[in-house]
Structure formats: structure tokens, C-alpha cells
Amino acid sequence: MAVLAVDGVKKRFGGVTAVNGVSIALEAGRIYGLIGPNGSGKTTLFNCITGLERIDAGRVRFKDERIDGLKPSQVARRGIGRTFQMIRVFPELTALENLLVVTRGPRPQAERRGRELLQFVKLAGLADEYAGNLSYGQQKLVEFVRVLMTDPTLILLDEPAAGVNRTLLNDLLAAVARLRDEGRTILLVEHDMKVVMGLCETVFVLDHGDKIAEGPPGIIQADERVIEAYFGR
Amino acid sequence: MSVVVTPEMIGQVVISGILSGALYAMVALGLALIFGVMRVINIAHGPLLMLGAYVTFFLYSRTGMNPFLTVPLAMAALFVVGVLLQRTLVFRVVDAPELSSLLLTFGISIALVNVAQNLFTSDLRAVEYITGSWSVGGVALSKPRFIAFVFALAVTGAAFLFLKTTRLGKAIRATSQSREVALVCGIDVGRIHMLTFGLASALAAGGGALLAVIVAIQPEMGGVWTFKSFLVIVLGGAGNYPGALLGGLLLGLVEQLASLFLTTQLSEVVAYVLLVLVLLVRPTGLLGGRQT
Amino acid sequence: MRLSPAVVLPALAVVLAALVLYPFVGTGYGVRAMLQIFMWIALAGSWNLISGLTGYVSFGHVAFFGAGAYTGAILVASAGWSWPVAALAGGIAAALLALFIGYPCLRLKGPYFAIAMLGLNEVLRALVSYFEGLTGGGNGLSLPTLDATRAIYYVMGVLAVAVTAMTYAIITSRFGLRLMTIREDEIAAEAMGIDTFHHKLAAFLLSAVGPGIAGALTARDQGYIEPLSVFPLAITVTMIVMVLFGGKGTVWGPVLGAAALFVIQEIVWARYPYVHPLLFGAIIVAVVLLMPRGVLGLLQLKYRLPRTI
Amino acid sequence: MTLKGTIALTLVAALAGGSLPAAAQGPIRIGASLSLTGTYAKLGKNQHEGYQLCIKELNAKGGLLGRKLDLVMYDDQSLPPTAVRLYEKLITEDKVDAVMGPYSSPVSEAAANVTEKYKKVMVAPLAATTSIFKKGRKYMFMVISPAEGYLEGLVDMAAKRGLKTVAVVNEDTLFSKAAASGAVELAKKKGLQVVFTEAYPKGNTDFSALLTKLRAANPDVVAAATYFDDAVALTRQMKELNVNPKMYGVTVGGDLPEFYDTLKQNAEYIYGATQWEHTLPYPGNQEFFDTYKKEFAHEPSYHSAAGYAGCLIYAEGVRRAGSLDADKVREALLKLELKTALSPSSGRARRRSPCGPTTSPRARRASRRRPGTHDRTRRGPRRPPPMPPPDQTAGLRRQSRRSKIPAMSETTEP
């Protein structure tokens, strides 16, 4: 049974249809990729799932519950975490505080978990530094572990590899794989085809708001429509 | 003490509302320009209007010039003042959070008022040039207000034409839509900001010059105009220029009708409630674009 | 330059003791001036809670002051309540107003919120003038003569301490951090599961109570209020400038800003009766341009101090 | 030491050290806060100049009780709370020997709480609302006549001429409201029917809707309780909207020289309530007018005159008491009858006279006075003078401004 079922979702901005009746279904414990040329509607689809955009048609179900129409915070609290294409850490909060704000339980435990996660991405020494003072890659990591603080069932990653160096990237990918092994579901938007092909089990391809292909990476790579979408004819 | 409202009375206040609405629109267009291009809320807009009114007053009382002919002079003078303000102070808060621009322009605003108090005294001044009214089908059409209305329409129309057709106007609109794109297209954004602030100050001054013929002039006259201009541009959709026209007429009408059916004291309340209702339904105003 | 509690707490105790004793040695004006500083600390501190932390600029915060002033004055004048109880009622009334107005207005963003709050203030003034049966309208409301300045001094002092203590408690809590995430990036905060609207609303309510009580106390102390004197934009701007001067989002910024700016204003006022608005305008411009983070904000950045300075 | 500690202590030191005991035989220091900026800036400035002139003249005559006089002035920005603080400062910090009143009723109302607390005599020359002088206040003295009476002259004359209906509009502030309610009361008493009342907020500039309603009510008389700018705006718009009552009077505004400067011929045939006119034959009035004009390069208004007279009244009280002691001065003031530029003299005259007599303390006694009617009724109705050209001289325009017969009237003559 699908953890997340996106069913015929449409989103228009004025005259432009950004997402045109897209349906996808995600199973638990798997990694999915979402690819497509610039402007094909990937980030908008993310926003529709997480409640940042109100959808015009269709439905989004998460663990058998309608979540379209909910506020982003309600969606998040049901177990969907995400990162952003442009980093969105809270610059005037410290790295540790960035993690603390999303937690709810007793504070000492939360702090311990936060420091563990920072340790995990090798940022323990910078826990009390303002996030705005960190490097781009470090901020990216903070944003990544901030998602983990909420213990989400489904994680949406918007271009996790962009602007990250090789070593860091490998760590990150290893972490993603581990999350999958813990039974979480991951959907990632990525331009780096190596990452997508190496990590994802199923790939969805969007073009001009339409889903034009879906399948294992190997097959997608050979799909004519996909090649056409990317390179034109 | 209730007065029965007749259709003639409604006609009368509708006319009054439209007359003052055009003036609101003209003054508010300046505020909308600044907000659209720079995201700066200019509290000093009203005091700039006040300075424009004084230009007209002094030209009229010293040289006996026709006050309506002083409108372009007042606009030119305040264009310069606006450019200077932008170059020296305002440019520093263009990218700052709204709090900075609110406070900076508030500081400028009280300073301008105080300077005017000391230079021009707090004496009430007026340009007593034309009074009385034409009677149009039982409805009195105030002469000074009607002429001011025509001028306001003309100036507002010219401003729209300028924005729509000239290179500079297009550059201003481009900058207000996306500064990055404007930069990429080789538009000197700093210069556009200066011109915008100058133009906006000129529009305020034009409003002041026209008001000089209608109401009495004193250093504190501007404050209420800042507030009304806000109402207008938020109603119409901040940063949307035709919205300023719509908002101005709407505010003029609402104020007058509220005063007629309720009482003058509550007209502001009604205007505000309308504003909040509009914003709740359309968070960026009637003609506003998407919120980012 | 870390401040350890071992230094801070005794110093605070000394200051508090001095302030407690001050009414017995100070002149009438001195007491009233200190009382005003307490009031400004309470106002600036309260504004800091909503605007310093969440970044939502309340450009009409004096509305709560005025609402409290009228609630308190009406309860004293018409219902014969004792002023301390009426002051509490003033705080509650302000909080209710915040709840009522927060629901629509806190959905507005950035400048729209600022303008809506500015409008709220204008509207309250118009309404107070209109319902003259209750408020005396433009006549204002005159309270029976009562010399309670000293008692009000203490109550206002407690209020200032309470607002500052509350700021401390909030800033060091996760609730406070979440409020700051709204300032930093509201969309990200929402996407991280923070219910930004209700956080804003809570902060807004808390930020209304202090001005409400301060308004009621001021009404009792002045003995006379009228719409124009309890709803002026100048009060809002003054509290904002105080917070900016001291450092927004910090605990002691509003305290420092309130005291410093009040003293500067009093001096300028007395010396230059005809041009002090010009000077005040210049101060505002200088603060905005030269130190937008305020004195403590600068120190905080430079020396990496905690927000609790 | 924490920052807060440092600041608070410095501040305490500053506040405590700010005051030095006044030198025993230095000048007598008179303190006042006035509306030098803010809404009432113009009127407050005139009052300030009245005080200044009075003190200058007193000093020229050798001062008071053998000491020179010194004026300590602050600006209250037209705000009552600021005035409260400033009077407290004047009394307890600057340790002034005496205080004079601020401008406007609301500010005086607030400041009185302080001056009464310290038992300081305060001659409040420009507080016209009687309620201020009640509340058991003992040391406060009223100079001008009460607000409630400002429009009485107008209503009185309207009744005498057999006019039937009256509309009363007012700015919604303390003074104007009192003036309006006074007008409504008297109109009822005199048998006039009040057909329309409406208040408008301070700063209102567009009266279209209000006047449209007023025109529909078709009153014979329009009585407007105004400050100044609203009087101008209202007058202009009445003209524009063809509102032509048989009589039209305003309170503050119609009396100021600027009213005519501003409105030119549109200011004619409008009744104004004044506390003072420079042509009134009071002792010293002409001299006051001339000196004032020379000193400040503009004509005095009644605010100037009231300030000037209020200060003289206080000085006379001190002279008769032979002391600055508040209770003695109070006693002396209660008995005082004085002719000043502002007013005629004795207690009897006071009752009938229009213009604020001098000493009359508190409202009880003052409430009968009617401003504005005195010189008018005395002269009786006249034909309207010809329209003066715009560059008319001062004297002439005053005349035309005061003329009794409204131009628009057709049935005024009984």
C-alpha cells in the first residue's frame, strides 16, 4: 500500500499550468527520484504535497489520509519532512537551535538528539555558531538533519547534491540510503543524473507539468520521450 | 436629528467622492511607485505633499501666479527634493526590512514637518483663488474641486502614459517587477530608484498644489494623506499602478457614503473595515499580483 | 565579556533596591520620569515580543495602550473599581482585542500587516470618539483626583520587570526560538511543522497585555485621557525606536533603549522647545542607518554574546 | 556591573542632581508648558508671545516684589501626558516660583492635576471648558469665558430675529464639544429647533457628506464649534455646496486675523466668537496691540491677548498679596478686579460682557458670560458693507468681517 498517493494533482498560476494532473504513488522504504527539465513542475509538485501551494484539482493522500488542503505545518507534523532547493536554514539561530525548533518533547532529550545529528554530519563543533555564518555546504547539512529531527516517514529532498562537494555528497547519499533502510520513504528532485541513477529505485519524469515517464532508472534513461524532453528533437 | 437621505443627496456625495477620489489616486500613485519599485513604505509622502502645497502658496501670494499653473512648478521643485532624499538617505534602506524604511521615512517626515513649522510658521495659509460651484442637475459641483479633479486626472493620465510608453517608464516598471531582470537588461537600477522617488514626490507635490486651492495649508496637513494613500494602494494592490486609481476612487466613495449614511466620525472606520475585508479575500489588494 | 549570573544577579538586586528606594528621595518629577521609563520599558519590551522576535512590524501597538487606558479609566470612573484591578482589566481587554484583531490581521504579511495595525489604531481612536456615552468622546474621560503616583510607580516598575522577565523566559525557550524562525523564514518554519499562525497569535496576545496594563496605569496617574493623547502614532514609533536603539530580539535591548532614549528626549525637549521634533527625527534616521541592530545587537554580534544580554 | 545598572544609576544621579535650589533673591521664575509643536502649535505660539510680552513689560517696570521675572518654557507638543510631566518638572525640578497655564482645554485639564497636587496657583488663560475648573480644584483660575458660551451670542441674536431652526456641528474635541452643547442648550431654551447635529473628527478636511445632510435639514442658522483649520474648510465647502443659511457662526477661527487672510471675501458675513478684539476700548488694549505687533511682527490673536492678560492678572495677584505664597495669591486673585487689554473691569460688567473678564475664578461665576455678542449687539444691525477689494486694509476687513447681517439672508430683518 502506498505511503503517499498523489492523484491527478493540478496547479495553475494564472495562465500557466505548472502541474497538470500528475499522479504518483510511493511505497514505504524506497527511494524515488523526480526529474525533468527546468520549469517542468518538480518543485511545484513538492509544494503541492507539503501544502505550500493549494492544489486546483486532484488529491493527495498520505498514510490513507487526505492531506491536500492542510496547512504546511499540519502536513509536516503528520510525518513529511522536506528540504528546499535554495537553502532555508534560520540564519540568526545557531545550528543547534535550528534543530531544536522543530522538536516538541522534553528539551534535554531534544538537545542530545540534535547534537548527535550534528555529530553525524560532522558539525558538532559548530553547534553554537549562527547558521548564517556557516558555509553553503554546512548549511545544507544543517537543513538535512533538521528534517531528521522530526522523525519523518516521508522525506522530500529538493536537489540535495547541488553545490555539495564529492566527499560530502557521498556521506549524504550514504545517509539517505540508511534512512531508507530504516523504513523511511524518500523522494528526491535531482539534476545530477549519476546521483539519481545510483540511488533511486523508481524515477518519475515531469515535463511541462505532465508526468511523461515512470520506471526504473535504466529504462527511463532510454525512454524516447524523456530524451526528447531534455534535449529536444 | 436624522435626515432622510434622498437620491439627490446620494448623487451629491457620489460626485464629491469621485472628485476627492481622483486626488487620492494621484497622490497614492506616487506612494505605489515607490513601494512597487523599492519596497519602501514612504511615511514622508504626506509631508512632501505639504511642501508642494507651500510652493503653490508662495508662488501665488508672492507673484500672483495662477495657482493651477504652479502645479508643474511645485512638482518640479519636489522632484528635486525627492531625488535628493533618495540619494542621501532613502537608498540605504531600499533592501532593508520594512521596519527600517518605515522608521527612516517617519524620521524624515517629522523632521520635514518641524522644518516647515520653523520656516513657514504654523499659521494657516490658503490660496483663495476660486470658490463656488456649478449646479449640474440639482447637484453642486464645486469649482475648485472639479478643476483639481481634472488636473489630477490629467497628471495621473500623463504618469500612466509615461510608465506605459517611454523607455524610462518601461524601465521603472521592469524594475518594479524584477530588479534582477532589470539589472541583467542593463538598467541602472540606482538611477531608476532616484527617478522613481523624484517622480513620486512630484506626484505628491502635485496633489499638494491642487489641495492648496481646496483646503487650508499648514505644516501638519500631510499626515492624514500618508495614511489615506496607504489605504488606497493597499486596497488597489500595492505595486499595482492602475490599482491606485481604483483604490483612490473607491476610498473617496466609501468615505463619502459612510459619512452620509452613518456619520463623518465613522467614515474612517468603514474605510478600514473595507480594507481588512479586501485583504482577507485578496491578501495583495484588489488588483495585486501574487504574494511572494 | 561573558556575564555570569554571579555578577548579574547581585547587580540587578542593587539596581532594584535603588529603584525601590528612589521614591523616598527623588523629586516629584524624578519619580514621574522613572515611572515613565518603566512605562516605556513595558511598552518597548512588549513590542519586542511580537515584532522583535517574529519580525511582524506592529505599527499600531499604541492601540493596546489606548484600549487599556480606556478600559481602566471607564472601570474606575463609571464602575468605581479600584485602580489596580482596573489595570489588570486593561491588560485583559488589550489581550482580547489582540485576539480579535489578530485573527484577520496576522494572516497579512510584511507591510500589509504594518499598515493594518496602523489602521487599527486610527479606527480605535475614531470608535472611542464615537461611543461617547461610554468614553466621553472627544471630551475625554476625567477621573476623580487621586494622588497615587508613588503606588503607580511601584506597579509600573513591577510591570516593567515582568515584561522583561517574560522576554527572558520566552527568548530562552523553544517557543521563543520558533517565534524567531517566523522572522527568519516563515515558509521554512511552516514546512518544518511549526504552526506559525498560532505562534504569532500567542506572541501577539502576550505583547498586548503589557501595553494594556501600562495604559490603564497611565490613565489613572494622569487623571485625564482623551482619544488624541492615548492613540498617537508617536507612541508606537517611540517604542519601536527604543527597541531598535537597544537591540531588537534581545532581553535588555528594550530596557536600555527605553532609558537612553527617554533621557535624551527629555534633555533635548527642555533645551530646544521649537526644534526638538527635528532632532528626534534625526535620531531616528541615525539609529536606522548607523545601527539597525541596536547597541546590544552590535555587541552581540561582535562578541558573540547570547541573546539574553 | 551590568549595563542596566550603569544606566539606571546614572539616570538616578542625573535626575537627582538636575535640580539646584533656586537662589533666594534671583529672578522670580515662572514656568509654563505650551503647545509649540503639534496640533495647536500656532495658537500655543501666540500664547507664548503673550506671556513673553507681559514679562518683558513687567521687567521694564521693575519686576515684581522687587525681583525680575524669568519665563521657563517647555513644549508639550499639544499632548496632555507630556504637559503633566513638564509641570511636574517645572514645579519639582526647576522649582519655579509660579506656573502659568498651557494652551487648550485638554492639556489644561491634565496639567491641573499636577498643579493642584502641589498647591500651585495656575492662571489658565486658555482653558475655556468649565468642567476643568470643577472637580474641587482650588488653585486654578479661568481667564477667558467658558466654551459653553461661545455660540450663545449667535443663538441669542438668531432668536431675537425670529429665526426658527438651527444646525450645530462641531469638531469632536473637548472645547468644541462644550461649545456645541452650550449652543444646543441655549437654542432649546430660546425656542429654536435644533434640526441637525453632527460631530466630525479632528483633522477632517472633506465636509461634503456632512454638509449635504445639513443642507437637507435646511436650518436657518448654522452654529459650528470649530478650531481653526476646520472653520476654514467648512466655510469654503459651504460655499461650494450652496449651503446658505441665514446666519452662520464659528467659534475659534472667525476671530483670527488669518481667517480673513485665508478666506478673503468668503470670510464675510460670518459670525465669529472672540474673546478679544484690538478695537475694543479697554485700557491698554491699543498699546498692547501696537507693542505686540512691533515685537513679533504679526498681529496678536485673542490667544496672545489672553496669555498677556493672564500673566498680568497673576502678577497683580502677587503684588496685592505681597507674596508668592499660593494661598495668599489665591485670596488676592479671588478679590481682584482688574482692567486689562483683554477685558472691561468690574464684577457687574463681567456678567454682561462678552470678553473674558479678568480674574473671575472658576466656572460658577463665569458661566453666564457670552463672548462675541457684546460689541455686536451694542452697535445693532447694519447694512452689509460693499465688498472690499482683496487688498483691503486691516481695519476695514475687520469691520466687514464683523458685520451683522448675513449677505445671503432674505428674511433677517424682523
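Q: How far apart do the closest C-alpha atoms of chain A and chain D lie?
A: This is a predicted model. In it, chain A and chain D are joined by no contact. The separation of their closest C-alpha atoms is 23 Å.

Q: Among the pairs of chains that touch, which has the most contacts?
A: There are 5 pairs of chains that touch. The pair with the most contacts is chains C and D.

Q: What area is buried between chain D and chain C?
A: The contact involves 44 residues of chain D and 49 residues of chain C. Carbon and sulfur atoms give 67% of the area buried there. The size of an interface is often expressed as the accessible area lost when the parts come together. For chain D and chain C, the buried area is about 4,100 Å².

Q: With which residue does Arg85(D) form a salt bridge?
A: Between chain D and chain C, the count of salt bridges is 3. In the one formed by Arg85(D), the closest N and O atoms are 2.8 Å apart. The partner of Arg85(D) is Glu266(C).

Q: Which element of chain D gives the most residues to the side that touches chain C?
A: Across this interface, 10 residue pairs are in polar contact. Several elements of chain D each supply at least two residues of the side that touches chain C, including helix 2 (41-60), strand 2 (69-75) and helix 3 (80-92). The most, 9 residues, come from helix 1 of chain D.

Q: How many charged residues has the side of chain D that touches chain C?
A: Sorted by class, this side has 21 nonpolar and 10 polar residues. The number of charged residues is 13.

Q: How many salt bridges does the rule find across the interface of chain C and chain B?
A: This contact takes 41 residues from chain C and 36 residues from chain B. The two chains bury about 3,400 Å² between them, with 82% of it on carbon and sulfur atoms. In polar contact across the interface are 5 residue pairs. The number of salt bridges found is 0.

Q: From which helix of chain C comes the largest share of the side that touches chain B?
A: Helix 4 (83-105), helix 5 (110-130), helix 11 (233-246) and helix 13 (276-290) of chain C each supply at least two residues of this side. By class, the side has 32 nonpolar, 6 polar and 3 charged residues. The largest share, 15 residues, comes from helix 5 of chain C.

Q: Why is one side of strand 7 and of strand 10 of chain D left without a neighbour in the sheet?
A: The open sheet has 5 strands with parallel pairing, in the order 7-6-8-9-10. Strand 7 (193-200) and strand 10 (271-272) of chain D stand at the edges, so one side of each lacks a neighbour, as each has a single partner strand.

Q: In strand 10 of chain D, which residue is the bridge partner of Val250(D)?
A: Strand 9 (residues 247-250) and strand 10 of chain D run parallel and are joined by 2 bridges. The bridge partner of Val250(D) is Gly272(D).

Q: Which residue takes a positive phi in the hairpin of strand 4 and strand 5 of chain A?
A: Strand 4 and strand 5 (residues 65-66) of chain A run antiparallel and are joined by 2 bridges. Phe62(A) stands opposite Glu65(A) in strand 5. The hairpin has 2 residues between the strands, and the residue with a positive phi near 50 degrees is Lys63(A).

Technical notes:
Residues are numbered from 1 along each chain as its sequence is written. Chains are lettered from A and ligands numbered from 1 in the order in which they are written. This is a predicted model: local features need pLDDT of at least 70, side-chain atom pairs count only at pLDDT 80 or more; totals for chains, interfaces and linings use all residues. Side-chain values use heavy atoms; hydrogens and water are left out. Two strands pair if DSSP finds at least two bridges between them. Helices (H or I, at least four residues) and strands (E, at least two) are DSSP runs, numbered from the N terminus. Contact means heavy atoms within 4.5 Å. Buried area is the accessible area (1.4 Å probe) that two parts lose on being put together, summed over both. A salt bridge is a side-chain nitrogen of Lys or Arg within 4 Å of a carboxyl oxygen of Asp or Glu. A polar contact is a pair of N or O atoms within 3.5 Å; within protein, one must be able to donate a hydrogen and the other to accept it, and residues adjacent in sequence count only if both atoms are side-chain atoms. Ala, Val, Leu, Ile, Met, Phe, Trp, Tyr, Cys and Pro count as nonpolar, Asp, Glu, Lys and Arg as charged, and the others, Gly among them, as polar.
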